[in-house]
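Subject: Structure handover

Hi,

Here is the structure for you to look through. My notes follow below it.

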Amino acid sequence: MKRSPVWIAGLGVVSAAGGNVRQTLASFAEGIANPSPRLPFESGISCPTFQVRDELPALPGRYNQSRSLRLAMKALREAMEEAGISRFYGETRIGVAIGTTVASQLNNIPFYDAYRRNLNPPLDPVLDYLSANLAHAVGDILGITGPRLTIVNACSSGTDALGAAKHWLDTGLCDVAIAGGADELNRVAIAGFWSLGVTSAQPCAPFDRDRAGLNLGEGAGILILESDSHLRRRGAKSAFQLAGFGAACDAHHLTAPHPEGRGLNAAINEALAQAGVSPNQVSFINAHGTATADNDRAEGKVLERVFGPAVQFISTKGYTGHTLGAAGGLEAGFTLLGLREKWIPRSAGFANNADDIPIAPVNRRTDISGEYAMSTSLAFGGNNSAVLIRRVT
Amino acid sequence: MSCPPASILGIGAVTPVGRDLSTIAERISGPIEPAEILRVSDDLLADPTSSRGLRRADRFVRMAAIAAIDSFANADFKGSMERVGLIVTSGFGPHGRGFKFLDGILDCGDAEALPTDFSHSVHGAAASYIAGLLDLRGPSLSTTDFLFGFEQAIVLAQCWLAERTCERVIVGAVEELGKVLIECAPRLLPAGKTFPLGEGAVFFALGPESAGGIAKIDASAQAAAAELVIVDEPMIFAKPLPQAKSARTFSPYFGHTASNSAFQALGGLLSFSNARLLGSPVSTRPSPLPSPGVPGEGVIDTALTFRTSCDSSASILITKTRRYQ
């Protein structure tokens, strides 16, 4: 199917690496990870987390109770500013696709504790939760009425949101789509990953020999995608395209990736084929790289198989932690920034090659050249997705 | 511009009035005792897989998986499983299991809660089981929405099919009635308002428009005229209802869920195969629709689900292509 270009008109990011693009690039240039040794709430678990310390925008009414929504709106405002869009005008052809995990669940422990003790607790936490469906809330705040999807594909949610938005644009359902992911740190998610035995008590070390698991983080990465005709019509310009997207399921296990990365391999091939690009045209990959034993082993095998032993790749989770539903949006943004700045940072946390991974990430700031770069995501449920970003020269 | 309609090739449903489609059709054509809660019978949730693939699955996953498996069994697909996509939508997700994980935190501490409760508490658990049981290796997506999740899932499935990303897409909705929801929902309603809460799963196996099938389905266009309009009742008539020969609701049979439109669409599809309209007539105030019972109203070829909130609405148009056998 012949597709018109899908342009990336604006990008906004917020994570522990920085409250915007400029701060994030500064962190990347320093190459220093900065996890907090403590959780931001009371818990029986002790592990590093990556926290956002920037001030978040105040939102009206119950919207203000959702930290994930406020993170999304902070990133969105930066993206709109870059896109040269000050406001939307109630158009029906503007879609919103946002991935998340925490905002989709009523994980309010004080409320549930009071409920269990028959204390008839006030329902405000329930009403807050009902108000915080991210795509709906963003659409309502902006006053736009196009398609809305809140995607809950666990750790690939943000990437899958970009894919859904690209499908809307490719088929002509939308002129503009707001897409990405947002997630906040949450006590229940931390307990969950701890229970699975995949949380490290030390700062995470993606693809490293001594990797011991992930650190959770929070943040948001939002991209404004725009059709070629709409971008031209409003006289705007962009140098970046969302050139390809692929997704495939392992159909293997509820929480573990396929050991040979079957689904990830298919997702990468689909994204490349959609853009008509061969692997040797891809200048670098922003890998999912969670620092868990299984993820990094499977992903490393696939990257070596598809792109060859000299592939240049990074994991940025050493700067942000694993931001779950936000990760795909953030890392697509970081991929774009690598193409734009023509360098990628060292993989924070990586020190020693791993025997079970045939390739190693870049361990110093590395200049890159080329037109294409890819971001990959793997997730609970066996979901895998990949986005290919193009810098138009 | 909108996507081409998709073809409905298979239907699977697990509902408070049954799982077998002919049983459901029979039950939704007659009177029903008013009830506050309409639950799916445990008898319908036995593991249909020879591999005991659902042995660890909870109620949420079982409802979804059984409906999805039934829908795909009717689709008669012989192609590559890498070309089959999956979209599962739910408003509240597996919240019963989510609260069970919170029980673990409260009773045993953050570090001692059970991993199986956590892994089954995420929205994507149902899709993961379905993909594994059917070996689906195309794109797999879970979405959440309290109003229009099923409509949006159908739209995306139409996109996947139109772009030939997939040859088939299994798309469905699942909702589970957990104890917290049952107790909180009445407190969220205006005083004096009640309606039955429901649960269950409805899945359709979709193919491209050219694939034939029982009916065509399209959620990408704005509400169009249809012979039958299917609405939630009681609903807020914030927007005028689309014009139609008749109006019906299936909510008294299936109960109300965040994914109501999936169940309403099921009712519409089953109406195609009957000489008379199924479901319950709707008081159409204030919309000027003909009163139920006009001659010929039992034979319909088009049905439109219509759901509205205070400031938006969504619809799904279903068009009959041939009668059920």
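**Helix H7 of chain A**

The buried residues of H7(A) are Val188(A), Ala189(A), Ile190(A), Ala191(A), Gly192(A), Phe193(A) and Ser195(A). Buried means under 20% relative accessible area, exposed means over 50%, and partly exposed lies in between (1.4 Å probe, protein chains only). Helices (H or I, at least four residues) and strands (E, at least two) are DSSP runs, numbered from the N terminus.

Before going on, note that this is a predicted model: local features need pLDDT of at least 70, side-chain atom pairs count only at pLDDT 80 or more, and totals for chains, interfaces and linings use all residues. Residues are numbered from 1 along each chain as its sequence is written, chains are lettered from A and ligands numbered from 1 in the order in which they are written, and side-chain values use heavy atoms, with hydrogens and water left out.

What do its buried residues pack against? In chain A, they meet strand S2 (49-50), H3 and strand S6 (216-217). In chain B, they meet H3 and helix H4 (115-119). Contact means heavy atoms within 4.5 Å.

**Helices that cross between chains**

Two packed helices are described by the angle between their axes and the distance between the axes. Axes are lines fitted to C-alpha atoms, for helices over the stretch in contact, and angles run from 0 to 180 degrees between N-to-C directions.

H7(A) packs on H3(B) at about 85°, with the axes 11 Å apart. That makes H7(A) roughly perpendicular to H3(B). (Angles under 35 degrees count as roughly parallel, over 145 as roughly antiparallel, 65 to 115 as roughly perpendicular and the rest as oblique.) H7(A) brings Arg187(A), Val188(A), Ala191(A), Gly192(A) and Ser195(A), while H3(B) brings Phe101(B), Leu102(B) and Ile105(B). By class, this contact of H7(A) with H3(B) has 5 nonpolar, 2 polar and 1 charged residues. Here Ala, Val, Leu, Ile, Met, Phe, Trp, Tyr, Cys and Pro count as nonpolar, Asp, Glu, Lys and Arg as charged, and the others, Gly among them, as polar.

H3(A) (residues 109-116) also meets H3(B) (residues 95-108). Their axes come within 11 Å and cross at roughly 85°. That makes H3(A) roughly perpendicular to H3(B). The residues of this contact of H3(A) with H3(B) divide into 6 nonpolar, no polar and 4 charged.

**A pair inside chain A**

H2(A) (residues 67-83) and H5(A) (residues 134-142) pack at about 50°, with their axes 11 Å apart. That makes H2(A) oblique to H5(A). The residues of the contact of H2(A) with H5(A) divide into 9 nonpolar, 1 polar and no charged.

**Loops**

Is Leu56(A) buried or exposed? Leu56(A) counts as buried, at 8% relative accessibility. It sits in the loop between S2 and H2 of chain A. Leaving out residues up to four places away in sequence, Leu56(A) touches Arg67(A), Arg70(A), Leu71(A) and Lys74(A).

Two loop residues of chain B need a look. Asp76(B) is not a glycine, yet its phi is positive, near 50°. Asp76(B) lies between helix H2 (59-73) and strand S3 (84-90) of chain B. It counts as exposed, at 54% relative accessibility. Arg164(B) is not a glycine either, and its phi is about 60°. Arg164(B) lies in the loop between helix H6 (149-162) and strand S5 (168-175) of chain B. Arg164(B) is exposed, with a relative accessible area of 67%.

Best wishes
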